[in-house]
Amino acid sequence: MKRALHITSSARGGQSYSRGLSTAIVNKLVTRNEVGVVVERDLTKSPPPFLDKTLIGEFYKHAGTNDEKGSQLLAYSNAVFNEMNEADIIVISTPMYNLGMSALLKGWLDQLVRVGLTYKFNEDGSRSGCLTGKKVYLAIASGGKLAFWPEGYEFIESHIKAVFSTYAGITDISTYRVEGTAMPGVNVNYEEIIQSL
Ligand SMILES: Cc1cc2nc3c(=O)[nH]c(=O)nc-3n(C[C@H](O)[C@H](O)[C@H](O)COP(=O)(O)O)c2cc1C
């Protein structure tokens, strides 16, 4: 059985629709015996530090050359990398805030992506992702509906797909959405949303 990593990032705890959707995905994978172990990373409980000059400096040092202080600064980044590296399946949920992913999830991405770790440069200058062979499910909740926005206003799925494919080598990504959560009479059926899973 496979190992899953479940990442949640809504500020609304148990009332969160994105968390409800990603939990339904995880439960379905567990129920059909595809997943045996689930590691939880609730970003509201372990918020990623913002990148600063010192941490970026540590990111770009060769592996094994960070001193003790540098290693401490890298602790969060190393932890989220190890969780990703060990997982076969990653289920990520995010609310839509101002058309984008939650700042917590963006902060997590910024901690995860590192040259020499999640991707490397080849001799000809091209890049190769190092976390290949993984499956990602995205669960996105929004107050409005994609169909009502101007064309080109989808930024969450497209951003995460671009980052994962460019800087991690992860291309197998399926997206599920809870839409219209701010609309009157909202009635969400998670099983229906993920019936193709
Ligand atoms: C600060 C903030 C910004 C939001 N921005 C948008 C937005 O740009 N578009 C939209 O459709 N919904 C927006 N919403 C509504 C949320 O996407 C909606 O409440 C969603 O259900 C949040 O996910 P959650 O239920 O997992 O917390 C916003 C909500 C908040 C609190």
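Asn98 is exposed, because its relative accessible area is 79%, where exposed means over 50% relative accessible area, buried under 20% and partly exposed in between (1.4 Å probe, protein chains only). Asn98 lies in the loop between S3 and H5, and has a positive phi of about 50 degrees although it is not a glycine. This is a predicted model, in which local features need pLDDT of at least 70 and side-chain atom pairs count only at pLDDT 80 or more, while totals for chains, interfaces and linings use all residues. Residues are numbered from 1 along each chain as its sequence is written, and side-chain values use heavy atoms, with hydrogens and water left out. Helices (H or I, at least four residues) and strands (E, at least two) are DSSP runs, numbered from the N terminus.

**Helix H1 and the residue after it**

- Helix H1 covers residues 17–31 and has 15 residues.
- The buried residues of H1 are Ser18, Arg19, Gly20, Leu21, Ser22, Ala24, Ile25, Val26 and Leu29.
- The cover over the buried residues of H1 includes S1, S2, S3, S6, strand S7 (172–178) and helix H7 (190–193).
- Just after H1 comes Asn33, with a positive phi of about 60 degrees, although Asn33 is not a glycine.
- Asn33 belongs to the loop between H1 and S2, and it counts as exposed because its relative accessibility is 54%.

**Nonpolar cores**

- A nonpolar core is a set of buried Ala, Val, Leu, Ile, Met, Phe, Trp, Tyr and Cys residues joined through side-chain atoms within 4.5 Å. The largest has 27 residues, and those with the most contacts inside it are Met84, Ile92, Trp108 and Phe164.
- At least two residues of this core come from each of strand S1 (2–8), helix H4 (75–86), S3, helix H5 (103–112), strand S6 (135–141) and helix H6 (156–167).
- Another core, of 16 residues, lies apart from it; Ala24, Val26, Ala141 and Ile194 are among its members.
- Contact means heavy atoms within 4.5 Å. Leaving aside neighbours within four places in sequence, Met84 is in contact with Leu5, Ile90, Trp108, Leu112, Leu131, Lys134, Phe164 and Ile170.

**Thr94 and Ile156**

- Thr94 sits in strand S3 (residues 89–95), and it counts as buried because its relative accessibility is 1%.
- Beyond its neighbours within four places in sequence, Thr94 is in contact with residues including Ser9, Ser18, Met101, Ala139 and Ile156.
- Ile156 is part of helix H6, and it counts as buried because its relative accessibility is 1%.
- Beyond its neighbours within four places in sequence, Ile156 is in contact with Thr94, Pro95, Met96, Leu99, Gly100, Met101 and Ile140.
- Ile156 and Tyr176 are 20 residues apart in sequence, and their C-alpha atoms are 12 Å apart in space.

**Salt bridges**

- Side chains of opposite charge can pair when their charged atoms come close. A salt bridge is a side-chain nitrogen of Lys or Arg within 4 Å of a carboxyl oxygen of Asp or Glu, and by this rule the count comes to eleven salt bridges.
- Arg32 and Glu34 form one of them, at 2.8 Å from N to O. Arg32 counts as partly exposed because its relative accessibility is 39%, and Glu34 counts as partly exposed at 23%.
- Asp42 and Lys45 form another, at 3.9 Å from N to O. Asp42 counts as buried at 14% relative accessibility, whereas Lys45 is exposed, with a relative accessible area of 72%.
- Glu157 and Lys161 are joined at 3.2 Å, N to O. Both lie in helix H6, four residues apart, about one turn of the helix.
- An α-helix has 3.6 residues a turn, so residues three or four places apart point the same way.
- Lys161 is partly exposed, with a relative accessible area of 33%.
- A network of salt bridges links Glu154, Glu157, Lys161 and Arg177.

Notes: Expected span 1.5 Å × (residues − 1).
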